[in-house]
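Try each task before reading its solution.

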Amino acid sequence: MGNENAPQAPGEGQARPFTCPECGKTFVALKGMMGHRSGVHGRKTGINATLQDIRDELRALQEALVGLEQATTKRHVIEERYASLAQEVAHKPRCMPSPDQERELRLLERVLKP
Ligand SMILES: [Zn+2]
């Protein structure tokens, strides 16, 4: 389709300050380097990396929720899950809790309150 991702002709005297950490290829613009990394090496960078983290987190949470549903009569399991989720969120200073983490925390709080 478009050729935004086509390799740029090597510019004479043009600074290429962005170096791909995987293969050493240099780029004029950070955006080009990021596109190359994700396209060629399958590496997520910037917001995509954050989104990937959140997706991984969500998958883990979904699995945890299934386990939680199976153990709703076991209060200590719920308390443990709540504690570990709260800890997970607290230990991610660079990452805001995702809406699903918030939702699960609220849900667990509701379950734990008499
Ligand atoms: Zn590369």
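**Exercise 1. Find what covers the buried residues of H1.**

Solution. Start with the helix itself: in this predicted model, H1 spans residues 30-40, and its buried residues are Met 33, Met 34 and Arg 37. They lie on the same side of H1, because the arc they cover around the axis is only 100 degrees. Now look at what sits over them: the cover includes strand E1, strand E2 (26-27) and helix H2 (46-70). Finally, turn to the face pointing away from that buried side, where you will find the exposed residues Lys 31 and Gly 39. If you follow the chain past H1, you reach Gly 42, with a positive phi near 70 degrees.

**Exercise 2. Describe how H2 and H4 run relative to each other.**

Solution. Two packed helices are described by the angle between their axes and the distance between the axes. For H2 and H4, the axes come within 10 Å and cross at roughly 25 degrees. Angles under 35 degrees count as roughly parallel, and H2 and H4 are therefore roughly parallel to each other. Their crossing is left-handed. On the H2 side the contact is made by Glu 57, Leu 58, Leu 61 and Leu 65, and on the H4 side by Asp 100, Gln 101 and Glu 104. Sorted by type, these residues are 3 nonpolar, 1 polar and 3 charged.

**Exercise 3. Which residues of H3 and H4 make their contact?**

Solution. Begin with the geometry: the axes of H3 (residues 75-90) and H4 (residues 99-112) come within 10 Å and cross at roughly 145 degrees. The crossing of H3 with H4 is left-handed. H3 contributes Ile 78, Glu 79, Arg 81, Tyr 82, Leu 85, Ala 86 and Val 89, while H4 contributes Gln 101, Glu 104, Leu 105, Leu 108, Val 111 and Leu 112. By type, the contact of H3 with H4 has 9 nonpolar, 1 polar and 3 charged residues.

How values were computed
Residues numbered from 1 in each chain as written. Predicted model: local features only at pLDDT ≥ 70, side-chain atom pairs only at ≥ 80, totals over all residues. Axes fitted to C-alpha atoms, helices over the stretch in contact; angles between N-to-C directions. Helix = DSSP H or I, 4+ residues; strand = E, 2+ residues; numbered from the N terminus. Left-handed = near helix turned anticlockwise from the far one by under 90°. Contact = placed C-beta atoms within 7 Å. Nonpolar A, V, L, I, M, F, W, Y, C, P; charged D, E, K, R; others polar. Buried ≥ 20, exposed ≤ 12 C-beta atoms within 10 Å, placed from the backbone. Arc of directions from axis to C-beta. Parallel < 35°, antiparallel > 145°, perpendicular 65-115°, else oblique.
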